Amino acid sequence: MKLWSDSFTDQSPIPGEFAFAVPAAGSHVALSANRNPHLAWSDLPAGTQSLALICHDSDVPTKPDDVNQEGRSVPADLPRADFTHWVLIDLPAASAPIAAGEFSHAVTPRGKGGPAIARADGTLLRHGINDYTGWFHGDPDMSGDYFGYDGPCPPWNDSIVHHYHFTLYALSVAQVDIPATIAGRFTRADVLAAIDGKVLDSASIGGTYSLNPAVPA
């Protein structure tokens with residue numbers, strides 16, 4: 001099973017158009033085009049009925065004390081955690097590749113709608129919420145449920161580059177069985193629990209990103 005992108009090369013920097021924010025003089029950052037990257041796959045295992053896609057950042061600071069604070073930096077030795085950027089399920093095995101900007105092409109205050117999402121050919125998929133939902137909780141201008149893809153926006157004063165992992169799962173089921181109690185607002189953890197024992201194979205690619213001019217991606 002193979003996964004690749006025409007938007008960036010595996011283990012290379014992700015272009016700013018696929019990020020939530022880009023570096024900006026004076027204000028540190030500015031909102032970006034926030035387009036989802038192109039993704040394509042091949043060599044799916046026999047019996048694959050659907051695909052699930054998850055993207056996460058594995059380098060998020062576990063303490064917010066220094067995050068985006070003037071005159072301070074997030075230390076490199078600070079323990080890190082995951083931050084989910086995209087959860088997509090029920091993609092039929094015979095689906096066409098995901099086009100750049102197909103599911104996201106701007107920053108949407110309060111988040112894009114979901115979970116149901118239709119492709120141009122009418123195929124119905126489902127998006128889970130990403131972790132901007134929690135990040136913006138309580139913000140009067142930005143709070144809401146962030147379904148689908150929202151790109152990189154690491155702290156502009158982080159001492160390390162962040163790594164973004166796109167993982168595609170080949171599943172033995174046509175639809176992921178999400179419990180009814182969370183079906184309208186499911187997370188990465190919910191999907192990973194639901195597909196346990198149903199994954200035939202998986203493939204991953206990664207990209208890097210930084211908003212700190214002193215820490216090039």
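Start by selecting Asp57 and His162: their side chains are joined by a polar contact of 2.7 Å. The model on screen is a predicted one.

**Stop 1: Asp57**

Keep Asp57 selected and show the strand around it. Asp57 sits in strand β6, which covers residues 50-61. A polar atom of the Asp57 side chain lies 2.8 Å from the backbone nitrogen of Asp59.

Which side chain of opposite charge is nearest to Asp57? Select Arg80, which is 7.4 Å away. A salt bridge needs a distance within 4 Å, and Asp57, although buried, has none.

**Stop 2: aromatic pairs**

Now colour the aromatic side chains. The model has 9 aromatic pairs. Select Phe20 and Tyr132, a stacked pair with 4.6 Å from centre to centre and 15° between the planes. Phe20 belongs to the loop between β2 (12-13) and β3 (21-24), while Tyr132 is in helix α1 (residues 132-135); the two are 112 residues apart. Both Phe20 and Tyr132 are buried.

Move on to Trp86 and Tyr149. Their rings form an edge-to-face pair, 5.1 Å centre to centre with 70° between the planes. Trp86 is in strand β7 (residues 80-92) and Tyr149 in the loop between α1 and β10 (162-171), so this pair ties together parts 63 residues apart in sequence. Are these two residues buried or exposed? Trp86 is buried, at a relative accessible area of 0%. Tyr149, at 2% relative accessibility, also counts as buried.

**Stop 3**

Switch to a cartoon view and find strand β9 (residues 124-127). It runs antiparallel to β7, and 2 bridges join them. Zoom in on Leu88 to see His127 of β9 standing opposite.

What does β9 pair with over 3 bridges? Select strand β8 (residues 116-118), which pairs with β9 in the antiparallel sense. Here Ala118 stands opposite Leu124 of β9. β8 and β9 form a hairpin, with 5 residues between the strands. End the tour at Gly122 in the turn, where phi is positive, at about 95°.

Key:
Residues numbered from 1 in each chain as written. Predicted model: local features only at pLDDT ≥ 70, side-chain atom pairs only at ≥ 80, totals over all residues. Heavy atoms only, no water. Helix = DSSP H or I, 4+ residues; strand = E, 2+ residues; numbered from the N terminus. Buried < 20%, exposed > 50% of the residue type's maximum accessible area, 1.4 Å probe, protein only. Lys, Arg positive; Asp, Glu negative; His and termini not counted. Polar contact = N/O pair within 3.5 Å; in protein donor to acceptor, adjacent residues only side chain to side chain. Phe/Tyr/Trp six-rings, centres within 6.5 Å; stacked < 30°, edge-to-face > 60°. Pairing = 2+ DSSP bridges.
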